[in-house]
Amino acid sequence: MPYLGGEETVRELRRALSNPNVQSDPLRYRNTILKVIRTMSQGVDVSGLFSEMVKACATVDVVQKKLVYVFLCSYATLNPELSLLVINSLRKDCQDPNPMVRSLALRNMTNLRLPSLVEYVEQPLTAGLRDRAACVRRVAVLGWAKLHNLQPSSEIDAAVVNELYSLLRDPDPVVMVNCLRALEEILKEEGGVAINKPITHHLLNRLKECDIWGQCEVLRVLQRYRPQSEDELFDILSLLDSFLVSPHPPVMAATLSLFLSVSSSLPAVSLAALERVSGPLLAACGSGSREMRFAAVCHIQLLLRSVPGLLGVHYKRFFCGYAEPAYIKERKMQVLVELVNDENVAMILDELKGYCTDVNTDTAQAAISAIGRIGRSYSDRCLQILTGLLGLKQDHITSAVVQTMRDLVWVCPQCSDTVCLALEGCEETLQDIQGRQALLWLLGVYGERISSAPYTLEVLIDGVRSEASLGIKMELLTATMRLFLCRPAETQDMLGRLLHYCIEETTDMCMRDQALLYYRLLHCGIEETRKVLQGRRSDPSLGVLIGRPAKPVSQWARCFNTLEPLSQGAVEAESASRGSPEHMTYNPKPNADLSDTLSCSHIQEIHSGSDNAMRCSDSSTDGLASSITAPLSLSLSPAVSPEDFEHLWLQRQALHTERGAEKIEVVDCAWIEECVRCPAVLHCSPQSLQAAMQLVNIQTLAFTPQHTLPWRVYLYTHTQRSHSTDAPNTTLILGELLCTGEANQKAGVKKGTADSEAGAEGKEDQLVRKEMVATADRLNEDGQEEEEGIKVTLNQQPRDDDALRQFLTVLTTVLNTLSSEKD
Amino acid sequence: MISQVFILSSKGDHLIYKDFRGQAGNDIVSIFYEKVTALTEDQPPVVMNHKDLYFLHIRQGGLYWVATTTVGSSPFAIIEFLNRLAALVKDYCGSLSEKSVQMNFALIYELLDEIVDYGYIQTMSSDVLKNFIQTEAVTSRPFSLFDLSNVGLFGAETQQSKVAPSSAATRPIQSSREQGGKSEIFVDVIERMTVVIGSNGVLMKADVEGEIRVKCYMPSCSEMRIGLNEEFSIGKSQLRGYGAAVRVDECSFHQAVRLDEFDSHRILRLCPSQGEQTVMQYQLSDDLPSALPFRLFPTIERDNGGRLLMYMKLRCDLPPKSAAINVCATIPVPKGSVSLSQELSSPDQSAELKPQSRAVVWQIARFAGGTQLSALFKLEVPSLSSASMLEVGPVGLSFELPKITATGLQIRFLRLSPVQPGPSQRWVRYVTHSDSYTIRI
């Protein structure tokens, strides 16, 4: 903080510095200089004292010298001419017999940052490279880097560069590391220091001599090295293995970065390294320094992207301490959400429940939304907790709960009944904008099931003139329109008032336009309005997944051990928490080309001969979902929850086996098994499979991750055949795709063992990984050769053979398209 | 690579500012402080950025220790650097506070100058640094053995009759050089407990993170041998001896420690350098050898007058001769609690309602083992509903257990060889802190 009267202080200091009595007494002189530095570090501009300080430089007292240098280095750029005076005494010090004085002088000479002094500095720097004392060489080496950056345009002498390269063999490890650093800077334009095989092996052999800072630097530079053979790669990795489990987090992280970049072509090796590093990372999560804990937790989040189940058993390590800062708590909760499985879900939810009433509102809200994310897989338990929290009647908790419920309903429509019941009475507690918006959205979409919905809206409409937030007003308008469609009698009057207000009174154009649009839409008739306003109620992209898809390591390896994971706000998955879910819905973008082929060729094929075929080629999901009136159309509503699916499936399977293999005629349902030959489907990612199915309105409920065997997908859809205007003839189809791949598996294992014998690396876990990769690779080839099919089991109720046949065609085309996509 | 390092007081005063690369302007410090104060939380995120300059900071001794860097730097390395810098400053100045940093700024500039050159860390080992650092530390308070006002006393195993005051180890390492006589060595076994106890009294989680720290004031110390419990075992499989085995899950050592006698006799050998260093770190999860130090038996109800009654019985299960100090229970209470009336079982306790943190803080200066304390809190909560009961808890407990280790780790002996000429003192101290001790209600 600059004082007032800084000038006065400076004047006083000058008087003291130039006082001969002070100058003759070393202790007083030093104390006066101390005062100058203190004033300087408090932010006062003391550059006016430069010439006095230059004089103080000529002394034998090392402490005084150091102090003066601190001053000179800060202000040299402001006084380039006066700095010339210092250079002489500095050059003299470079000849001093004491190595400490030499290194001090050399360091500060290069720290002056004056391009005009370069010519005076070069000679002592050259001499410094050959100095007897290591501490002088350390300074001299870095000095060249400083010099180069002062005049980036001028070429640095090739002889110097060569000398720096030769100093990589210096007995002092710090000199060696400094050479690396200096060469990196000097040769930046050529891509940094040359990392060839001899240099790499030299550096690796001396790694043990360096301290942790040197090790980090060397490991970082070595990331550029590409081993020439697999043997060499494994030699390097086994040499570095002890560093991977180093108790020093910086070394551990740098080693893992190196592992990931060197073995980027061998995913199995990277995965094995991740498993090995999880121990030291967990230890860093319990470090005494909370900043270190934070860094470790952030990096664990990265690891979990590729190995979701990695730390499942250690979930307790991510319970929050009550005194931990909010930023760590938030990250830990994100990790906990990732680690949920059947065994620990009760414990984790119990722990998260405790955080929901935290004093810190951010922590409380983060805990509530974490529970919501877990609710996607374990909805009943989570809804119970969330509903309980509403009883607290606190605005920030209620707001977070309502927002979480909205997001949950969007993903898991089967929760809507519980949510509708819970919403009654919330409006009294809600204060903030986001919470009220969420409530309005829910009232609009599920208005027919919430008895008090019209009254809640009426209160808001009556107070709309005093409402400040535009977002709320817009949401209110849409919600009222939606409610009008399902409960016209109760809503008509208030809708009229609201539209009148929006069109006649409001000054906001956006709002007015929206109201006008709705008004005109109503003129077009109720059916048109319905088509526009009643879109999806749930996110079409997400079914219930068994296990999250693992992302490849290469996706994040680049930002491991950088600041990126620490500074990015929330993880990508957290994004769906603001605004209405529809506004950020899943765009049908599963590989643009894929969607095109599917919607154009195959759907038209099904509906060929129908008048509406042209309409169906519209690739927008909404269009498909609501407007197909073709002879056969598939639809996803009413939704079948996973529980229902399981129940129905088992029931019918039992029936089927009872009756033997012949087709069942009773109970009016069909059970067929077919074989489809499209093995490559196994290798397409769950997302693209799901997206493709979604496009033709087949909902996938559950699937195994890709490459696992047996590979299974469960799906369902409703068929609809409207012959005429009378009631449509609908059936429910449940299906299972199964690929056991037994023959392939054997071949794969054989290949895998052969590999393991040849493997140079003696580590078992790595070998197991290798085998897995080999199996997958093998599968790929076998798939093409043997053409083992996928068994499709379909189950329809009520029976409708034509519809089933048509459905099978659709399914086959989708699967074939996906296969050809893969080829 | 580090561009700048600066130290700010919590009020934003510039204490130390050093620019290593000359690439960013001087106003960076104020930009940082603005960012910190612009946040409503008192705990700003560790990483913040201004354009493409990144700030990393740690909080220690009530100060901000900040380094600026680019996005590609390793956060682990920079956080470790800042932590070690703070530790070095503590070693050299005796203690960490705004005052000590302010008084020793010349020393800190000198340290920074030797540690970092052009943004690259050169060395942080105190053995190397002691040859270069010339400035003497200035302490605010003359060191005195008679300063016994501080409570944090730990027994000294090696010299039963004498007790070193807790401030004994908070003096600059260099002062030994001219004070001459006082060559001392402190070995501290410090453990941090993280415990979660469920509402039914079941232990849900118990973690102990421990370390052995050596603080050496001897100008030249040759070799030191630290003997641990003989039945000390690492991991689950390996058990030694028949007595109460001391077990830890994982264990790691400072690279200077020689372990050739560790497997057979559990002896660590090292040549300690001046200043403080962590010789060994270990952790233990879920399987504590001794009983938990504290149990809480809460009863919470509403009375007819709309008040919330909380009856808390806190039992200390330590061995009878030992005691916990600075025990502090934080009990979250419903929002809108207005006032508190209390009945405490003994006069040396105190309790207070902290409305801004929405909690009742119950403090007990000293809590003897095997005893039980109780307290009745009556809270006036205007809008009390049955749901507000949910807001009570979980209770957080913080405490210090001197002379006790949760894992049972003990130091059998501490030998210096060859025997030091002149008077030398060896101190062994044990302490267990609560990292996070949570009891759900």
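**Chatting through the A/B interface**

Q: Hi! How much area do chain A and chain B bury between them?
A: In this predicted model, chain A and chain B bury about 6800 Å² between them, with 56% of it on carbon and sulfur atoms.

Q: Nice. Which three residues of chain A supply more of that than any other three?
A: Those are A:Trp213, A:Tyr322 and A:Leu563, which supply 12% of the area that chain A buries against chain B.

Q: And how many residues are in contact?
A: On chain A there are 80, and they are in contact with 83 residues of chain B.

Q: What about salt bridges between chain A and chain B?
A: The count is 11. One salt bridge joins A:Glu185 to B:Arg21, where the closest N and O atoms are 2.8 Å apart.

Q: Which helix gives the largest share of chain A's side?
A: Helix H17 of chain A, residues 290-306, with eight residues. By class, the side of chain A that touches chain B has 37 nonpolar, 22 polar and 21 charged residues.

Q: Switching topic: at what angle do H10 and H11 of chain A pack?
A: About 150 degrees, with their axes 9 Å apart. H10 covers residues 158-166 and H11 covers residues 173-186.

Q: Is that crossing left-handed or right-handed?
A: The crossing of H10(A) and H11(A) is left-handed.

Q: Which residues meet there?
A: From H10(A), A:Val161, A:Leu164 and A:Tyr165 meet A:Cys179, A:Ala182, A:Leu183 and A:Ile186 of H11(A). By class, that contact has seven nonpolar residues, with no polar and no charged ones.

How values were computed. Residues numbered from 1 in each chain as written. Chains lettered and ligands numbered in written order. Predicted model: local features only at pLDDT ≥ 70, side-chain atom pairs only at ≥ 80, totals over all residues. Heavy atoms only, no water. Axes fitted to C-alpha atoms, helices over the stretch in contact; angles between N-to-C directions. Helix = DSSP H or I, 4+ residues; strand = E, 2+ residues; numbered from the N terminus. Left-handed = near helix turned anticlockwise from the far one by under 90°. Contact = heavy atoms within 4.5 Å. Nonpolar A, V, L, I, M, F, W, Y, C, P; charged D, E, K, R; others polar. Buried area = accessible area lost by both parts, 1.4 Å probe. Salt bridge = Lys/Arg side-chain N within 4 Å of Asp/Glu carboxyl O.
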